[in-house]
Structure formats: structure tokens, C-alpha cells
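This briefing covers charged side chains. It takes a surface patch and then the salt bridges.

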Amino acid sequence: MPAFEKDALRKKDEQRLEEMQEEIDNAEADAAGAEQAADSSEAGESQAEGGAEQQEDLSGKLDELQQQLDEKDKRYVRLQADFENFRRRSGKEREELSAVITQEILKDMLPILDNFERAMAAETKDAEAFQKGVEMIFTQFQEVLKKDGLEKIETEGQKFDPNFHQAVMRVQNPELEDDTIAQELQKGYIVKGKVIRPSMVQVVAN
């Protein structure tokens, strides 16, 4: 075979080889593109599934929070109802207790009332005996008040204290220090530590 024919055949084979290689490269490129597209599709599906799962989680959390809120609302309503019942019950108990205390005090006063009635009904011209009877009733009355917690506020020789005394007059007395109580004009009383009436007094102011 002449040399020029061999060269022509070689060039033709090389060209055919290049075409085949190009076809192979194109086929590989198409396969790679298809695979990438498939991966992208799977990724999109996975992302969509993930978004759906996240939305489902958020919906579940929202339902849980709503349930907790409903429970708290129910608890608030129950507490409010319990408080109203407690307030009514406490008010009723206070009224009942106040009535019992009033009844007990008045019950203690009845013997004094009886003695006053006897003294008023007695026909006597003995002033001394009548006075002793009144003194006995007065002593009995003091004992009843003391039993119920009444205490007299002491003023003799005491310093003026605005918590227990009410100064209605200021006087000069060189023999006493300033703010000393010079005279008690009206007795004051305490019931179980609480002042129900302060003593009306004269206070030294030299």
C-alpha cells in the first residue's frame, strides 16, 4: 500500500477516534448532568420534607402552648371562685364571731343591770347604805370590763405620750418638769393593747 494511502487511513482512523472520544465525553457529561439533576431533585424533596416536618413541629408546639394556656385559664377561674367563696365564708365567720362577742359582753352586763334595778326599786332612806350599794355595783362593773380586756391608761406622774394621751391644756408648774402630766381630766382606756380612748390631760409647759 502506498505511503500516502496509509497516511490517509491513519488520519481517518484518528478522526474517527476523536469523534468517538467526543461522543463518550458528551455521554459522560449528559450522565453527570442527569445525576446532578437527580441529586438536586432529591435535595429539593428532602428540603420540602424537612420544611414539612418543621412546620409540623411548630404546629405541635403551638397546640401544646394553647393547651397550657387553657389549663392556666381554668386554674385562674378555679382560684377566683375559691377566693370568692373564702371571702364570703370569712365575712360570715366575722359576723358570727362579732355577734358571739357582743352576746358574751351583754351577758356579763346582765347581773349589773339586775343590781341597778334592785337598787332603784329598794325603798330606803339610808343614804350610806344606798351609796355602798352603788359602790358595789360600780366595782362589779369594773370587774366585768376588766374581764373583757379593758385597762385604764395610767397618767399620774407620767410623761405626756401622744400615743396614749390627749393634751387639752398646758399649765405652768415650777415643781414639775416640762411635758409631765399635771392633771387627768378624763380617763383613757386600752382594750388588749389598743387605745380605744386616750386620756384627756393637762400638760406642764413652764
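Is Arg75 buried or exposed? Arg75 is exposed, because its relative accessibility is 54% and the cut-off for exposed is over 50%. The model is predicted. Across the whole structure, a search finds 6 salt bridges.

**Positive patch**
- Arg75 belongs to helix H1, which covers residues 3-121.
- On the surface, Arg75 gathers with Lys72, Lys74 and Arg78 in a patch of positive charge.

- Lys132 and Glu128 meet through their side chains in a salt bridge, at 3.8 Å from N to O.
- Both residues sit in helix H2 (residues 127-147); because they are 4 residues apart there, about one helical turn separates them.
- Glu128 is exposed, with a relative accessible area of 51%.
- Lys132 counts as partly exposed, at 48% relative accessibility.

- The side chains of Lys152 and Glu184 form a salt bridge, with an N to O distance of 3.9 Å.
- Lys152 lies in strand E1 (residues 150-152) and Glu184 in strand E3 (residues 181-186), so this pair ties together parts that are 32 residues apart in sequence.
- Glu184 also pairs with Lys187 in a salt bridge, where the closest N and O atoms are 3.7 Å apart.
- Shared partners join Lys152, Glu184 and Lys187 into one salt-bridge network.
- Lys152 is partly exposed at 34% relative accessibility.
- Glu184 is partly exposed, with a relative accessible area of 24%.
- Lys187 is partly exposed, with a relative accessible area of 39%.

Key
Residues numbered from 1 in each chain as written. Predicted model: local features only at pLDDT ≥ 70, side-chain atom pairs only at ≥ 80, totals over all residues. Heavy atoms only, no water. Patch = residues over 30% accessible without salt bridge, like charges linked within 9 Å, V, L, I, M, F, W, Y side chains within 5 Å. Areas by Shrake-Rupley, 256 points an atom, 1.4 Å probe, with all protein chains shown as cover. Salt bridge = Lys/Arg side-chain N within 4 Å of Asp/Glu carboxyl O. Lys, Arg positive; Asp, Glu negative; His and termini not counted. Charge placed at Lys NZ, Arg CZ, Asp CG, Glu CD. Helix = DSSP H or I, 4+ residues; strand = E, 2+ residues; numbered from the N terminus. Buried < 20%, exposed > 50% of the residue type's maximum accessible area, 1.4 Å probe, protein only.
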